[in-house]
Amino acid sequence: MTKTINVRRLPRDTGPAGWNSILPPARTHPELKEDIRADWVVVGGGFAGMAAARRLSQLVGDDRVVLLEAGRLAQGPAGRNSGFMIDLPHELNSETYAGAAEADMLQIRLNRAAIDFARNMAREFDMPERVFDPCGKLTGAATAKGAQHIDSYARHLEGLGEQYRLLDAGEMKAHTGIDFYQKGLYTPGAVMIQPAAFIRMAAEGLAERVAIYEQSPVLKMDLGDEHVLHTPQGRVRARHVILAVNGHIQSFGFYPRQLLHVFTYASMTRALSAGEAARLGGTPDWGVLPADPMGTTVRRVSSLMGSGDRVTVRNRFTLNQSMEISERQLRDVFKAHDRAFAARFPMLDGVPMEHRWGGRLCLSWNSVPAFGELESRVYSAACQNGLGTVKGTLSGMLAVDLALNHRSELLDEFMSYEAPRRLPPEPFLSVGANLTMRWKEWLAGIEL
């Protein structure tokens, strides 16, 4: 018997994907305009989709693999995140990112497996260091309260047996060039990536083994002995389907009232002149996460493929269960970005923002993935809980292992999570969540 699933909505992203916009024009992949057959279809071309496609290319021999991307590669959330691949606990609902020790140790093992998988992709596809840079990460505090958060997190890391190094204000200035931070925490296991370049280069490397189609959103699925996925101008018939679509898994009818759709926002400067870069000083490539999770993330990157030296600030979160944001919301947020930039970079007064955007996160109430077999031979690799680069990579690679019954301790650990918890009803959910986020931002003070 065939079961038909009509996809309720398609991804809609507001503003440019800044990391993609600063790169030279990408190679285009064709739109699906015919009926084809495959053994495997991966839906979604972000970090989860690319990881699933690469894992399939490693394990399924001569099976035909197809990847369908609704838009252009690196134009969606994959080209809109901050580019941190974080190995350590990063619980956004916590004051200091820390959680329970046992859960955090599991998360570290899983995150590091994903980073190793991405590292091997970077090596295989000859990505330069500025695309995949295993430089560690900095957390910065601008207030006494932020410094307390850093000290608390450092104690938590000690309990987990993890390495770290505390930095004073002078060391933070030497690294970043700015006077803003009173204290810092360095941890060595994170990777800084240019996320759009990573996705584009992964697709280039996989294109000989995986048939990639852009601007080919799935509108309908007929599930049966052979699944049929319908796009605007074509169809794919396949035995196995991996839905690597993060929050849009709900658009396919799965996990109703179980997922939170949170937007975060970023602004990126135009390329700095040589004089502006000299006035800023510090090192040419760095990123600082805020000691308070509701604070401002900052990245400085040096030129890659002619992109120029640039600074990016990211802050503000809103819950938008419609999975869309308005121009008015963007205008209000970007005022906060300009204030955050001015407070940190007075030496760059007058440098305008060239690219501004919003990006979608998907979280669950209990911070667990939306993962597993949903229908016969249809698998979910979704809900990355704010760490799309790492957890997307993890869920994509492990969805393939699950589909192939390729059992491992890693897969068993990932499948040990409970299901995403049911959400409170509307309007209480959206009103309460957004008020709580605004309150936490106010408490963050100048960390924002």
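Helices here are DSSP runs of H or I with at least four residues, numbered from the N terminus. In this predicted model, helix 11 covers residues 428-444 and holds both R438 and E441, which sit three residues apart, about one turn of the helix. Their side chains meet in a salt bridge, at 2.9 Å from N to O. R438 is partly exposed, with a relative accessible area of 26%, whereas E441 has 5% and therefore counts as buried.

## Overall build

Let's step back to the whole chain. The protein has eleven helices and 20 strands. Its radius of gyration is 21 Å, close to the 22 Å that the globule rule gives for 448 residues, so the protein is as compact as a globular protein of that length. The C-alpha trace spans about 65 × 45 × 40 Å along its principal axes, and buried residues make up 60% of the 448 residues.

The structure holds 25 salt bridges. One of them pairs E124 with R54, with the closest N and O atoms 3.0 Å apart. This pair links distant parts of the chain, 70 residues apart: E124 belongs to helix 3 (residues 101-124) and R54 to helix 2 (residues 47-59). R54 is buried at 6% relative accessibility, while E124 is partly exposed at 35%.

R119 and D116 also form a salt bridge, their closest N and O atoms being 2.6 Å apart. These two are three residues apart in helix 3, so about one helical turn separates them.

K335 lies in helix 8, residues 327-344.

Terms used:
Residues numbered from 1 in each chain as written. Predicted model: local features only at pLDDT ≥ 70, side-chain atom pairs only at ≥ 80, totals over all residues. Heavy atoms only, no water. Rg over C-alpha atoms; globule rule 2.2 N^0.38 Å. Buried < 20%, exposed > 50% of the residue type's maximum accessible area, 1.4 Å probe, protein only. Salt bridge = Lys/Arg side-chain N within 4 Å of Asp/Glu carboxyl O.
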